[in-house]
Amino acid sequence: MNNAAENTVEALHGTMMDYVITSVAEQPIIDVFEMTAAETKAADLIARMTEDLKDRSLTVESIVDKYVSTATPELRQQLIDRLDQMRQSGQMPEKE
């Protein structure tokens, strides 16, 4: 905590952005995990698929097939199950 502001200033030295340190406070964060490239791609894929979930005229199977043409049968079924669960739980709004 004692060096947090100084470390921030040092890390941002030479950057092109303006910043203001308004406070330094301890938070209950234990660790930070960076997403791997594969996890990032998977999260992006799910985000694109969930956009299509808004269109109730599309089946979950057709959405998966649109984005994942070379998936193993197991992965395809996992994606179908996840998207189906999202749609049924009401997480996705109706298409306007």
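Reply: A salt bridge joins the side chains of Lys66 and Asp52, with 3.1 Å from N to O. Lys66 belongs to helix 3 and Asp52 to helix 2, so this pair links distant parts of the chain, 14 residues apart. The model is a predicted one, and each value here is computed from it.

The two partners differ in how much of their surface is open. Lys66 is exposed, because its relative accessible area is 54% and the cut-off for that class is over 50%. Asp52 has a relative accessible area of 13%, and it counts as buried because that value is under 20%.

The axes of helix 2 and helix 3, the latter covering residues 60-67, come within 10 Å and cross at roughly 140°. That angle makes helix 2 oblique to helix 3, because only angles over 145 degrees count as roughly antiparallel. The crossing of these two helices is right-handed.

The side chains of Asp65 and Arg76 form a salt bridge of 2.9 Å, N to O. Asp65 lies in helix 3 and Arg76 in helix 4 (residues 73-88), so the bridge ties together parts that are 11 residues apart in sequence. Asp65 is partly exposed, with a relative accessible area of 38%. Arg76 is partly exposed as well, at 27%.

Again the packing can be described alongside the bridge. The axes of helix 3 and helix 4 are 9 Å apart, and the angle between the two helices is about 130°. Helix 3 and helix 4 are therefore oblique to each other, and their crossing is right-handed.

The remaining pairing among these helices is that of helix 2 with helix 4. Here the axes are 11 Å apart and the packing angle is about 50°. Helix 2 and helix 4 are therefore oblique, because 50° falls between the limits of 35 degrees for roughly parallel and 65 degrees for roughly perpendicular. Helix 2 passes helix 4 in a right-handed crossing.

One further bridge belongs in this account. Lys54 and Glu51 meet through their side chains at 2.9 Å, N to O. Lys54 is partly exposed, with a relative accessible area of 25%. Glu51 is also partly exposed, and its relative accessible area is 46%. A search of the whole structure finds four salt bridges, among them Lys66 with Asp52, Asp65 with Arg76 and Lys54 with Glu51.

For contrast, there is also a nonpolar patch on the surface. Met1, Val9, Tyr19, Ile21 and Val24 make up this patch, and together they have about 420 Å² of accessible area. One of its members, Val24, sits in the loop between helix 1 (4-12) and helix 2 (37-53). Val24 is partly exposed, with a relative accessible area of 38%.

Technical notes
Residues numbered from 1 in each chain as written. Predicted model: local features only at pLDDT ≥ 70, side-chain atom pairs only at ≥ 80, totals over all residues. Heavy atoms only, no water. Patch = residues over 30% accessible without salt bridge, like charges linked within 9 Å, V, L, I, M, F, W, Y side chains within 5 Å. Areas by Shrake-Rupley, 256 points an atom, 1.4 Å probe, with all protein chains shown as cover. Helix = DSSP H or I, 4+ residues; strand = E, 2+ residues; numbered from the N terminus. Buried < 20%, exposed > 50% of the residue type's maximum accessible area, 1.4 Å probe, protein only. Axes fitted to C-alpha atoms, helices over the stretch in contact; angles between N-to-C directions. Parallel < 35°, antiparallel > 145°, perpendicular 65-115°, else oblique. Left-handed = near helix turned anticlockwise from the far one by under 90°.
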